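Welcome! Take a moment to look over the sequence and the fold, and then let us walk through a few of the features together.

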Amino acid sequence: ILGAFGEFTSAYNNSLFLTLSGRNDWTSSLEKKYRSFFYPSASVSYMFSDQLKTLSWLSDGKFRMSLAQIGKDANPYSTSVVYVVDGAPIDETLLYTRNNASGVSNLKPEMTTAFEVGTDLNFLNNRLGLNFTWYRSTSKDLIMAVATDPGTGFSSITLNAGSIRNKGVELTLRGKPLVSKDFSWNVLLNFSAN
């Protein structure tokens with residue numbers, strides 16, 4: 001696999017940040033039609049606490065959002081029928097047999113699209129903090145070895161066999177109940193659901 005990656009980052013007033021990226025991969029494990037695939041990403045974050053200086057109890061606050069794609073190619077030899085070494089050599093001659101797994105020539109790259117939104121908040125001179133994230137990702141054209149009837153001569157065939165969706169939330173609470181010159185106590189509580 002060969003990849004090219006580019007990234008652009010910009011900031012405005014040290015409070016609004018934008019990052020754009022793109023990657024293109026070329027793989028030898030897929031047929032020529034699907035060998036090249038591109039996947040972009042974009043993220044934005046806004047430090048809104050800079051505009052709320054009057055709130056002395058808010059140390060800092062940030063809103064963030066991102067949208068990204070991730071591409072994945074197949075394992076080698078997933079698009080055809082191949083022969084593999086069968087056992088130890090006999091009189092220095094290797095024996096080959098047809099692999100039990102079959103491939104298909106129209107195998108496409110697997111693509112995952114992920115969206116995430118969240119906020120990071122710190123209060124009371126960073127003594128109390130909250131991080132919240134909601135995310136959703138969808139993977140399409142999953143590359144899977146699917147069991148097939150042995151009457152076909154193969155035990156499995158590699159296909160683009162479906163899609164899967166994940167979504168969930170993550171919540172982290174941080175606190176420093178005690179802080180002194182010689183001692184500090186940090187508490188962290190994490191909740192996640194997928």
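## Before we start

A strand here is a DSSP run of E with at least two residues, and strands are numbered from the N terminus. Please keep in mind that this is a predicted model.

## The largest pocket

Let us begin with an open space. Rolling a probe the size of a water molecule over the atoms shows where empty space is left. The largest pocket found in this model has a volume of about 190 Å³. Its lining is made of 16 residues, and those closest to the centre are Asn75, Pro76, Ser78, Ile143 and Thr158.

Which strands each supply at least two residues of this lining? They are strand 7 (101–102) and strand 10 (143–147).

Next comes an open sheet built from 8 strands, with antiparallel pairing and the order 1-2-3-4-8-9-12-13. Strand 1 (2–12) and strand 13 (184–193) are found at its edges; each has a single partner strand, so one side of each lacks a neighbour in the sheet. On average, and with direction ignored, neighbouring strands of this sheet are turned by 10 degrees against each other.

## Strands 1 and 2

At one end of that order, strand 1 and strand 2 (residues 16–26) run antiparallel and are joined by 11 bridges. Tyrosine 12 has leucine 16 of strand 2 standing opposite.

Strand 2 also holds aspartate 25. Is this aspartate 25 buried or exposed? Its relative accessibility is 2%, and buried means under 20%, so aspartate 25 counts as buried. The side chain of aspartate 25 has a polar contact, at 2.7 Å, with the side chain of tyrosine 39.

## Two loop residues with positive phi

To finish, here is a point about the backbone. Most residues other than glycine have a negative phi. Aspartate 91 is not a glycine, yet has a positive phi of about 50 degrees. You can find aspartate 91 in the loop between strand 5 (83–85) and strand 6 (96–98). With a relative accessible area of 74%, aspartate 91 is exposed.

Leucine 124 also has a positive phi, near 50 degrees, without being a glycine. The loop between strand 8 (110–123) and strand 9 (128–140) is where leucine 124 lies. Leucine 124 has a relative accessible area of 48%, and is partly exposed.

Key
Residues are numbered from 1 along each chain as its sequence is written. This is a predicted model: local features need pLDDT of at least 70, side-chain atom pairs count only at pLDDT 80 or more; totals for chains, interfaces and linings use all residues. Side-chain values use heavy atoms; hydrogens and water are left out. On a 1 Å grid over the protein atoms alone, a cavity is a set of points where a 1.4 Å probe fits but cannot get out, and a pocket is an open set with protein on both sides within 12 Å along at least five of seven lines; lining residues have an atom within 4 Å of a point. Grid points are joined across faces, edges and corners, and a volume is the space filled by probe spheres set on the points. Helices (H or I, at least four residues) and strands (E, at least two) are DSSP runs, numbered from the N terminus. Two strands pair if DSSP finds at least two bridges between them. Axes are lines fitted to C-alpha atoms, for helices over the stretch in contact, and angles run from 0 to 180 degrees between N-to-C directions. Buried means under 20% relative accessible area, exposed over 50%, partly exposed in between (1.4 Å probe, protein chains only). A polar contact is a pair of N or O atoms within 3.5 Å; within protein, one must be able to donate a hydrogen and the other to accept it, and residues adjacent in sequence count only if both atoms are side-chain atoms.
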